[in-house]
Each structure stands twice: as C-alpha cells, then as structure tokens.
Amino acid sequence: MSTFAARLQHKIAEHSPLCVGVDPSAALLKSCNLPNTPEGAFEFGKRVLEAAEFRISLLKPQSAFFERFGSAGLKAVEELTTLARSRDVLVLLDGKRGDIDTTGAAYAEGYFSSSTTLRVDAVTTHVYLGLAALDPFLDIAVRAEGGVFVVVRSSNPEGRELQTARMANGETVAQNLCREITLRNRRQGEGLGYIGAVVGATCDDAAESVEALPQSFILAPGVGAQGATMQDVLKRMPSARGRVLPNVSRAILANGGNVADIRTTIRGLQEQARELL
C-alpha cells in the first residue's frame, strides 16, 4: 500500500479535490424518503457512492450520525466504509477524536489496525489536550500509511476566540499548531505529509494558516450549506491549490435526493472544484 498522501494525490488528479460528506441526520434522511434508522443511514451513504459512480477523491462519513443509533449504527458505518474502500474510494472518518497516551492509541487502533472492522484511510482529530498528546495516535496512523486531519481553524464562529488566543510565545493557538504539524510532516520527508489540517472555508483569516502548512492537505468545510463557495475557497486559500479539499455535505442534495439528482450535483461540484487545482 502506498502512503495516504500518495493515494490522495492520485485521487485528486483523477476525480477533482471534492470531498463528499455523508451526514445522515434525521432531517436529511426524511428529505430523501429514507427511514431514520441505521439501515436508512447506510442506504443514504450507498446512494451517494452510487450517484458518484465511486469516482470521488474522498468520502467523509460523519461518525456521530451513525453512532446515534448505537451498535447498529456503528455496523452501518462499517458496512459503508467497507463498500467504499472495496471500490477504491478513500474514506475520511469524521469523528474528531483526541485523547492522551494509551487511550489515544486505542482510538487509532480502532481505525488503522489490521484487525479492526472499521478500517479507514484517515480520521479527523482535535488537539485541545495538545498536539504532543496525539503522538501515539499519529504513530499508529503513519505506520498504517493512514492520514490524520487536525482541526486548526474551524468554520464555526464559536471556535475563533480559542483558536486565535495568544500563547506565551506570542503565537496564536492556530499558528502554534501549524508550526508543530509542519515539523512532524517534515520528519517524514519532502512533499505532502500524512498530517492534514481542517481550516474552515468561511474563515476570513484562512490564508495565514494555509500558508503555514505547506506540507499539509487542507480539509475545507463550510462549502454549500454554511455559505462558502468554491470561489471563496480559492480566494481565502490561494496557496493551497492542488491540496485543498472543499467539503460538501448537506448541499449534495441541492437538486434532490435520488441517485440521478445527487449525481448531477456531485458532477457539477467536481467541475467547480477542479478550479482549485
């Protein structure tokens, strides 16, 4: 298996950098005439994959919308992940994990070990406990040739105060994370690394973070339902061409919720996303 970065670069070149989110909330399932059940959540994810004809760079299931059903929901996201990866679609599980020491390692084993039933290509994380606390998680991910996306500047306005707070050395929290992430990626060699960053497409200061992360893929949530456009991504993250992944979740239903409608939407979004290459 090649590295996560190499696999993702190949997919971006082949299909565009669009990241397609799967967020099967009760309201979304209802709008698609699907039951608010684990089976409905899986069926929605399957519908998205079939609409895309499995030709997308990255599928991003939001774990919470599956976990809300308990063990049956976890089974559903496992089945969706298995289906996607069996057709060579990369899966980024959006769970925003983050804990210390052996607990962090246990989380990573749940996504990257050879024995897990929820094997994915990458996971989102938060580092409120400090990036160094995530090292056991990162170690397991890199050995498994997986990826990790760290929340640096989130698209929700409530995060700004914390993420732009000044540390004792004068750096903001976001600036410190960018520097530490870049140092870790550099240890793995040249080019794009296995540690990506989440930087919201709605953040007016996104360029600063992106420029400080030259070896990171950038996951850019906020396109579509939260108001940002592909042009906003290009304007706010000009140095991220070829490595920024605009994420669209709820807005994939803009033309309707059946397979044909979702296909039309995804193909249109992919064309727009190619402008970011």
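Ser-63 counts as buried in this predicted model, because its relative accessibility is 3%, and buried means under 20% relative accessible area. The residue belongs to helix H4, which covers residues 63–67. Leaving aside residues up to four places away in sequence, Ser-63 touches Leu-93, Asp-94, Gly-95 and Arg-97.

S3 pairs with strand S4 (residues 122–125) in the parallel sense, over three bridges. Within this pairing, Leu-92 has Ala-122 of S4 as its bridge partner.

**The chain as a whole**

The chain contains twelve helices and eight strands. Its radius of gyration is 18 Å, close to the 19 Å that the globule rule gives for 277 residues, so the chain is as compact as a globular protein of that length. Along the principal axes, the C-alpha atoms fill a box of roughly 55 × 40 × 35 Å.

Of the 277 residues, 55% are buried. Contacts between residues at least 6 apart in sequence show how the chain is connected: 72% of them join residues at least 24 apart. As for charge, the chain carries 30 positive and 31 negative side chains, and the centres of the two sets lie 3 Å apart.

**Two residues with positive phi**

Most residues other than glycine have a negative phi. Ser-16 has a positive phi although it is not a glycine, and Glu-145 likewise has a positive phi without being a glycine. The table sets out their values.

| Residue | Phi | Loop location | Relative accessibility |
|---|---|---|---|
| Ser-16 | about 95 degrees | between helix H1 (4–15) and strand S1 (19–22) | 1% |
| Glu-145 | about 60 degrees | between helix H7 (135–143) and strand S5 (147–153) | 26% |

Ser-16 lies in a loop that runs from a helix, H1, to a strand, S1. Glu-145 is likewise placed in a loop between a helix, H7, and a strand, S5. With a relative accessible area of 1%, Ser-16 is buried, whereas Glu-145, at 26% relative accessibility, counts as partly exposed.

Methods:
Residues numbered from 1 in each chain as written. Predicted model: local features only at pLDDT ≥ 70, side-chain atom pairs only at ≥ 80, totals over all residues. Heavy atoms only, no water. Helix = DSSP H or I, 4+ residues; strand = E, 2+ residues; numbered from the N terminus. Rg over C-alpha atoms; globule rule 2.2 N^0.38 Å. Buried < 20%, exposed > 50% of the residue type's maximum accessible area, 1.4 Å probe, protein only. Contact = heavy atoms within 4.5 Å. Lys, Arg positive; Asp, Glu negative; His and termini not counted. Charge placed at Lys NZ, Arg CZ, Asp CG, Glu CD. Pairing = 2+ DSSP bridges.
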